[in-house]
Amino acid sequence: MASEQYLRAIVPHLPKDIASKLRSLCATPANEVILENLIRIVVGASHDAEASKSIQDQWSTAQSAVQNVLKGLLPPPANHEKKRGREDGEQSGEGDAQQVKRQRTDESVVPSGSNTVPAATGVVAASSSPSPPSEPGKPIFTFHAVSTTSPVRKKVDITIHENAFILKGTTAAQAIEGTVPRSSIKRAFIIPTRGKSKPHWTVILLASDISAEKGKAAVDNQQIIFGVDATSTSVSSTTTYDASGTPTTKSIPKGTEMLSVLKEFVGHLGQGVSVIEPAVDGVFKSALPGTINTSASAASGIPGVEAYRGAKAGNLWFAKEGILWGESKPCEFWAVEDLLGKLDGVRVVGAGAGRTCSVVVARKSTVEVPEGEEDMGDESEFGMIDTREREAINDWIRKFRNLFGRNMVNGTLEPAPEPVKQKAAPAGPVTIRNLMDESDEEDDDFETSISDLDGSERSTDGEDDSDDDDADDDEDAEGEDDVSGSGEEEEDDRMDEDEPLDPKHHPLLRPGAMPKMSKAALEMAVGIVENDFIGSKRDSVEEEDEEDELDD
């Protein structure tokens with residue numbers, strides 16, 4: 001039978017014990033059909049024509065799951081890079097020299113069959129940075145057939161191992177496309193993707209909050225970025241592994257909400273990874289329309305704004321933990337505790353009546369600031385933001401401003417730095433006496449000490465007393481004031497002058513006694529008075545002119 005050709009074709013080539021057992025089982029036609037379908041599902045062929053309808057309906061899903069399990073169980077292919085030695089000794093030596101040269105120029109390329117973990121594609125290794133682990137360890141979780149944009153732009157299977165993330169191609173060869181040390185990943189983000197025709201999710205794994213500078217090694221900031229449709233458009237699967245490494249594959253049917261699958265993936269990253277998911281409710285909501293999910297119960301709105309960093313387009317995502325510059329590589333994150341401070345951490349500039357505004361985010365300096373100098377921070381500007389987003393951004397700043405620049409100490413926020421103490425403004429109207437009471441610390445530099453006297457003065461107070469006495473004598477001599485009373489009465493008068501005035505006896509010192517007038521009101525009052533005087537003068541001149549005309 002044509003439908004039984006797979007089984008009958010391989011039985012003669014099997015070990016005798018296995019072949020005899022299979023022949024005994026195939027004595028029953030139903031068993032032969034089952035064994036034939038088993039071989040077909042393993043090798044990737046179509047089902048037997050005589051298979052039942054239930055088998056036919058489940059064939060594609062079951063076959064995909066079986067293929068994924070077999071990929072995880074199969075050992076890597078043998079290394080075939082060693083060439084056959086040539087008979088000619090000189091030619092063999094020349095071939096060895098060429099092989100050495102090839103190894104030097106392709107140090108970053110690792111054979112797919114090698115047991116060592118290669119460096120991630122596109123990541124330049126630096127001598128100061130730790131090298132990837134030689135052994136990835138046991139597998140923990142695999143997400144099959146996902147589209148990645150970093151470290152490679154390809155559809156791969158991402159497997160979380162004990163010591164590394166390994167990205168393998170989805171082809172039969174299962175070539176290793178990239179590897180990232182698991183210990184390097186510090187943060188994970190699940191954000192909605194903008195610019196897609198249908199809802200889409202993006203997952204970002206960061207090794208460092210600060211993006212690598214241009215021209216420098218990027219090993220310290222390796223990033224894994226991949227995305228999936230919010231609702232699966234085809235059958236996919238995930239695989240989990242127990243302590244012994246035994247895989248268990250879970251099929252994901254078409255039409256499944258993928259957010260729960262993404263949360264399961266980031267849940268296997270470990271406790272040392274901070275998982276951040278920007279939210280709309282109570283955190284940030286864009287003023288522009290959009291949705292982050294396809295379900296009817298999902299909150300409408302986007303927790304981010306479109307912006308430009310230089311000439312590169314991207315999105316700023318606002319979470320309670322900080323701000324993420326996402327999707328546009330390289331990604332960067334500003335945690336609230338790393339922002340410069342309440343006033344300069346995040347600012348919105350520009351706009352007014354314009355159509356766009358800019359957001360300036362300032363991070364604490366990464367280099368040590370000399371003692372006594374102010375930390376000016378490292379600023380990053382994001383422009384071309386729609387002005388309608390301004391109020392939402394300012395609202396986020398008001399909500400989380402008290403967290404800017406403050407770290408967590410034993411689960412609690414460290415106290416905020418004490419502001420510079422300023423004297424409280426005096427109550428009531430501002431008078432000359434209040435202004436005289438305000439002193440400056442620098443005024444102490446102009447006070448004369450006893451050691452600076454040259455002997456002609458007794459003290460500063462004595463000088464003041466002598467000046468007062470001389471002034472009194474001059475006034476008595478000139479006859480300008482009639483001083484009555486004894487010296488004791490003069491001392492009482494001086495004491496009264498030094499005492500503060502009591503508002504009970506001075507109505508003008510009471511709050512609200514002196515109305516506040518703006519400069520415009522004063523100019524208007526002066527103008528009215530001037531117009532009255534000038535107008536009366538003009539009227540008299542006109543009257544004189546009229547009288548002269550009548551006289552003529």
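Start with Arg309, which is partly exposed, with a relative accessible area of 27%; partly exposed lies between buried (under 20% relative accessible area) and exposed (over 50%), using a 1.4 Å probe and protein chains only. A word on the ground rules: this is a predicted model, where local features need pLDDT of at least 70, side-chain atom pairs count only at pLDDT 80 or more, and totals for chains, interfaces and linings use all residues. Residues are numbered from 1 along each chain as its sequence is written, and side-chain values use heavy atoms, leaving out hydrogens and water.

**Exercise 1.** Find the salt-bridge partner of Arg309 and say where the two residues sit.

*Solution.* Step one: look for a side-chain nitrogen of Lys or Arg within 4 Å of a carboxyl oxygen of Asp or Glu, which is what a salt bridge means here. Glu332 is in strand 14 (residues 332-335) and Arg309 in strand 11 (residues 304-309), 23 residues apart, so the pair links distant parts of the chain. Step three: check burial. Glu332 counts as buried at 5% relative accessibility.

**Exercise 2.** Work out whether Glu389 is buried or exposed, and what its side chain contacts.

*Solution.* Step one: Glu389 is found in the loop between strand 17 (378-386) and helix 7 (390-400); helices (H or I, at least four residues) and strands (E, at least two) are DSSP runs, numbered from the N terminus. Step two: Glu389 is buried yet has no salt bridge, as Arg194, the nearest side chain of opposite charge, is 4.8 Å away. Step three: the Glu389 side chain does make a polar contact with the side chain of Ser286, at 2.6 Å. (A polar contact is a pair of N or O atoms within 3.5 Å; within protein, one must be able to donate a hydrogen and the other to accept it, and residues adjacent in sequence count only if both atoms are side-chain atoms.)

How values were computed
Lys and Arg count as positive and Asp and Glu as negative; His and the chain ends are not counted.
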